[in-house]
Amino acid sequence: MVPFNLLVIVCLLYVGLLFLVAYAAEKRAQQGRIGWLRSPLVYTLSLSVYCTAWTFYGAVGYAARSGLEFVTIYLGPTLVMVGWWWALRKLVRIGRTQRITSIADLISSRYGKSNSLGVIVTMMAVIGTTPYIALQLQSVSLSFAVFASDQPLNPNLPDLNATALWVAAGLAFFTIIFGTRSLDANERHHGVVTAIALEAVVKLAALLAVGTFVVWGVADGPIDILDRIEASPIAIWDIQPDRWITLTFLAAVAFMCLPRMFQVLVVENVSERHLATASWAFPLYLLLMSLFVVPIAVVGLSTLPAGTNPDLFVLTVPLAFDAGGLAMLSFLGGFSSATSMVIVAAIAISTMVSNHIVMPIWLSLRGEGATMSGDVRQIVLLSRRVSIGAVLALGYLYFRFSGGGTALAAIGLISFTGVVQVFPALIGGIFWRGSTRIGAAGGLITGFTVWAYTMFIPSFGEGFIMSAAMLADGPWGIDWLRPHGLFGIDGLDPLVHAVFWSMALNTLVFIGGSLLSFPNPLERLQGAQFVNVFEHSDAGRGWFGRAAEAEDLLVMAQRIMGPEQAQALFQSESNAQGREGYLPDATPDFIEKLERELTGSVGSATAHAMLGQIIGGSSVSVHDLMAVADETAQMLEYSSQLESKSQELARTARQLRDANQKLKELSVQKDAFLSQISHELRTPMTSIRAFSEILMDGSGRNQKDHQKYSSIIHDETIRLTRLLDDLLDLSVLENGQVTLNYVTANLSEVLERAIAAVASSEVGYDIKINRDTNSENVMVETDTDRLRQVFINLITNAGKYCDAGDPKLEIRVNTKTGFLQIDFVDNGCGIPKKSQELIFEKFSRLSDQASAGGAGLGLAICREIMHRLGGNISYLPGQGRTAFRVTMPQRRALEKAAE
Amino acid sequence: MQTKHPLFVAQDGYRLRRAKDAARLLPVLGAILILMPILWGGGATRLGIVFVFAVWSGLIIGAFFLSRRLKNSDANPAKDTSTGAGNGPV
């Protein structure tokens with residue numbers, strides 16, 4: 001048996017150690033040597049404030065009563081940590097970019113920096129946390145009593161209240177010293193966090209030590225323990241599906257929503273990478289914490305006399321086996337669990353109370369605004385210190401008047417259910433831009449009311465507010481309003497009932513309210529920033545264009561942040577703006593930055609309100625929001641315009657390149673043509689000259705020779721004339737000076753005459769022509785002479801150039817609505833792709849075949865004629881043969897008629 | 001302007017994206033496994049303990065490998081903000 005005095009001394013020494021560690025950590029941080037103070041390990045260990053005395057003592061009691069169900073309290077948080085990529089990562093990022101100081105601040109900031117929401121969440125947190133603090137005080141007092149009493153197994157100490165009072169006072173002292181040292185830098189408390197990390201190690205070590213002792217000291221190893229479990233009263237795992245699901249859900253959600261968890265998870269987080277480590281390390285911590293719970297419970301049940309309080313097995317089992325040192329370690333573990341929870345909870349709650357309740361009241365009392373004299377900083381610190389004291393006092397009073405008899409687990413679950421009412425507003429706030437302040441407030445109040453009605457008030461027992469009759473039959477005998485059977489649904493486990501109805505109605509009102517209400521501009525701005533936090537981590541603009549006196553801002557900032565920090569901030573901004581001194585221009589960006597700094601100290605709503613007092617009026621209007629949207633839209637438009645411009649440029653450049661290429665080829669062709677035409681002109685000229693000279697001589701020639709020579713001269717001049725006619729014709733067509741004689745004729749006749757003309761010409765090409773006279777039988781209104789010229793040219797070309805052994809030409813006529821397609825397809829080998837563009841140019845000839853004998857003007861003339869007639873002629877690729885298509889309107893086009 | 005996510009990425013980027021998918025799915029898998037005992041209605045506590053702790057360990061191991069993969073993936077613009085007021089994320 002450990003003497004009580006020794007226990008007190010060890011306990012005091014331990015507390016002294018905690019003070020020392022916290023002090024040393026603060027000192028190190030002040031010197032800027034953060035190092036391991038902010039490692040992933042310390043972060044993970046600080047998360048262990050989740051494991052309170054409820055875990056340390058209560059889990060074993062829970063296991064002794066209901067078997068394996070206790071693990072749900074740890075499996076829930078495990079799922080949340082393992083799923084950090086979903087929610088926690090986003091929460092941490094939001095917390096860092098928006099400088100969130102508490103969960104109430106997060107809700108208030110998300111829904112338009114609304115302080116009323118901050119107040120609601122703060123009140124809920126206070127009401128939900130007070131019983132929990134009472135629970136910690138109770139467990140510490142009980143564990144003291146175990147050592148002090150003569151009958152350790154069933155302690156009944158008259159001065160339990162006195163112990164609790166001392167513990168509460170000591171905790172308040174510690175928290176005030178290390179929790180309210182400064183307001184700066186996002187509310188990080190190095191001393192407190194380090195001390196809590198140490199406590200986390202102690203409680204884990206203690207539980208593992210007791211577990212090891214039980215498994216290998218009392219029993220004969222794991223196999224024996226499993227056998228003992230088999231033989232114990234909890235051998236059968238009577239799983240209750242509704243409770244199993246509800247408890248897992250409740251623990252998972254509470255892990256995110258509990259004010260103290262939010263404090264260590266988000267507010268005290270230094271780096272998102274720590275979260276990655278904690279995602280597996282903290283579940284591991286939880287696993288180790290619960291590994292020996294069932295063994296301890298089973299051994300306690302089997303070895304200790306019946307009626308022993310199972311909530312204290314962790315202490316009483318070692319005592320029963322006379323392991324005094326182990327019991328002492330176990331006591332320190334329980335002490336650590338209780339104190340670390342109370343410290344962090346008190347810090348979190350006091351921050352909320354001072355930022356959302358005390359400061360707004362103080363601000364409105366001093367109506368002139370934040371610029372008048374007085375050190376705001378001292379007021380904030382004082383209000384926090386008072387709040388810490390008040391929170392602990394409340395906890396003590398609750399403990400004192402509730403009598404502390406209830407099983408630990410029950411209080412814990414009541415508290416959890418109250419706190420998780422924030423969940424819909426929290427998750428909706430970070431994932432759904434459409435959630436609004438009205439919806440959030442409605443959901444919070446509804447959920448909280450249902451919780452209070454179905455769970456919190458009935459937990460005080462009959463006679464406290466609710467009479468026995470009301471509990472059994474509902475108020476005024478209304479069956480539907482029974483606290484444990486809402487809407488007449490009976491048979492649910494009271495916990496499942498309360499969780500289900502409070503969460504369901506809460507979510508329903510939250511979503512309904514959000515859908516039906518309309519958010520104000522600041523809400524929409526904040527909503528976009530929270531939901532899309534990964535897209536733009538920079539600050540959105542909340543202040544627009546209104547001028548403020550930089551001096552006023554400095555005066556206010558000094559009072560909140562302290563002169564040195566405020567001056568440093570103003571000076572650095574001043575330098576950044578390229579000015580000297582301490583007074584930068586009060587640009588919207590700077591005001592935004594300042595607000596963020598102040599938010600880290602007094603919360604978003606208060607910071608916003610204080611700046612609003614100086615700057616005047618609301619900070620952002622719908623018009624401003626539209627301006628932001630316009631800016632973005634304009635930027636997008638500019639960039640897309642630039643993109644299309646550059647595409648257009650690329651297109652034009654390509655066209656220019658093509659044109660250039662064509663010009664080059666044409667130039668080469670023209671040169672070739674010049675030599676060709678000189679040759680063409682020269683040949684007849686030479687023979688004309690030669691024969692005319694012979695004729696001039698006149699002597700020794702008979703009549704027959706005369707005739708022959710002059711006929712040669714005649715032929716040659718005809719050839720020359722034809723060439724010159726072609727050139728003239730083309731030039732007339734190109735200049736638009738041609739007169740067209742429109743008549744109505746049958747296409748078949750035009751073709752007939754064209755073919756006859758080709759056949760009767762002296763060249764007389766040997767080509768077989770296939771026609772479909774049925775389709776040719778259409779009336780057209782056109783200049784038949786010109787059209788025939790085109791047909792003659794095409795047929796002649798086919799005769800001239802078709803390289804097939806047995807040349808054939810097929811003429812197909814298609815009548816479309818309003819126009820005709822006439823295809824001339826021969827069985828030649830086609831025209832290479834690169835030449836297809838060129839054949840319609842003047843003077844172009846694909847070969848130097850002398851036999852061709854033309855000047856390369858035929859197709860150019862055809863094209864001009866077809867354009868004049870309102871149609872077109874083109875090479876038809878992809879036929880595997882040489883094919884030309886003539887397209888022409890069936891009737892004379894109107895604009896042509898008008899010409 | 002919002003960052004545009006490319007539609008197709010190289011192999012490293014591809015593996016990283018799948019790791020993110022796995023990180024999203026792991027808690028779902030965990031939830032299903034944790035709720036499994038409901039299907040067979042409990043049974044012996046000693047078997048239940050073995051099952052629950054096996055699932056738990058599996059989740060921890062999975063989270064361990066995923067966190068190693070993802071730790072450096074997310075460019076974290078905010079630097080350490082634990083000292084002073086002037087260098088916080090803005």
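This section describes the chains, the nonpolar cores and selected helix contacts of a predicted model. Local features require pLDDT of at least 70 and side-chain atom pairs count only at pLDDT 80 or more, whereas totals for chains, interfaces and linings use all residues. Residues are numbered from 1 along each chain as its sequence is written, with chains lettered from A and ligands numbered from 1 in the order in which they are written.

Chain A contains 35 helices and 10 strands. Helices (H or I, at least four residues) and strands (E, at least two) are DSSP runs, numbered from the N terminus. Of the 899 residues of chain A, 47% count as buried. A residue is buried if 20 or more other C-beta atoms lie within 10 Å of its own, exposed if 12 or fewer, and partly exposed in between; C-beta atoms are placed from the backbone. Among contacts in chain A with a separation of 6 or more, 80% join residues 24 or more positions apart. Two residues are in contact if their C-beta atoms, placed from the backbone, lie within 7 Å. Chain B has three helices and one strand. Their pattern along the sequence is α-α-β-α. Of the 90 residues of chain B, 23% are buried.

The largest nonpolar core holds 218 residues. Such a core is a set of buried Ala, Val, Leu, Ile, Met, Phe, Trp, Tyr and Cys residues joined through C-beta atoms within 7 Å. A:Ile107, A:Cys257, A:Ile296 and A:Val422 touch the most other members. Helix 16 (residues 324-365) of chain A gives the most to this core, with 21 residues. Another core, of 34 residues, lies apart from it and includes A:Leu787, A:Ala798, A:Leu859 and A:Val886. Leaving out residues up to four places away in sequence, A:Ile296 touches A:Val60, A:Val210, A:Gly211, A:Val214, A:Phe313, A:Val314 and A:Val317.

Two helix pairs were examined. The axes of helix 4 (residues 72-82) and helix 11 (residues 241-257) of chain A come within 7 Å and cross at roughly 55 degrees. Axes are lines fitted to C-alpha atoms, for helices over the stretch in contact, and angles run from 0 to 180 degrees between N-to-C directions. Helix 4 of chain A is therefore oblique to helix 11 of chain A. Angles under 35 degrees count as roughly parallel, over 145 as roughly antiparallel, 65 to 115 as roughly perpendicular and the rest as oblique. The contact has 13 nonpolar, three polar and no charged residues. Here Ala, Val, Leu, Ile, Met, Phe, Trp, Tyr, Cys and Pro count as nonpolar, Asp, Glu, Lys and Arg as charged, and the others, Gly among them, as polar.

Helix 5 (residues 88-97) and helix 12 (residues 259-267) of chain A pack at about 75 degrees, with their axes 9 Å apart. The two helices are therefore roughly perpendicular. Helix 5 of chain A contributes A:Leu88, A:Leu91, A:Val92 and A:Gly95, and helix 12 of chain A contributes A:Leu265, A:Val266 and A:Val267. Nine of the 10 residues of helix 5 of chain A are buried, including A:Arg89, A:Arg93 and A:Arg96. The buried residues of this helix pack against helix 4, helix 12, helix 13 (272-291), helix 19 (423-431) and helix 23 (521-531) of chain A. Just after helix 5 of chain A, A:Arg99 takes a positive phi of about 55 degrees.
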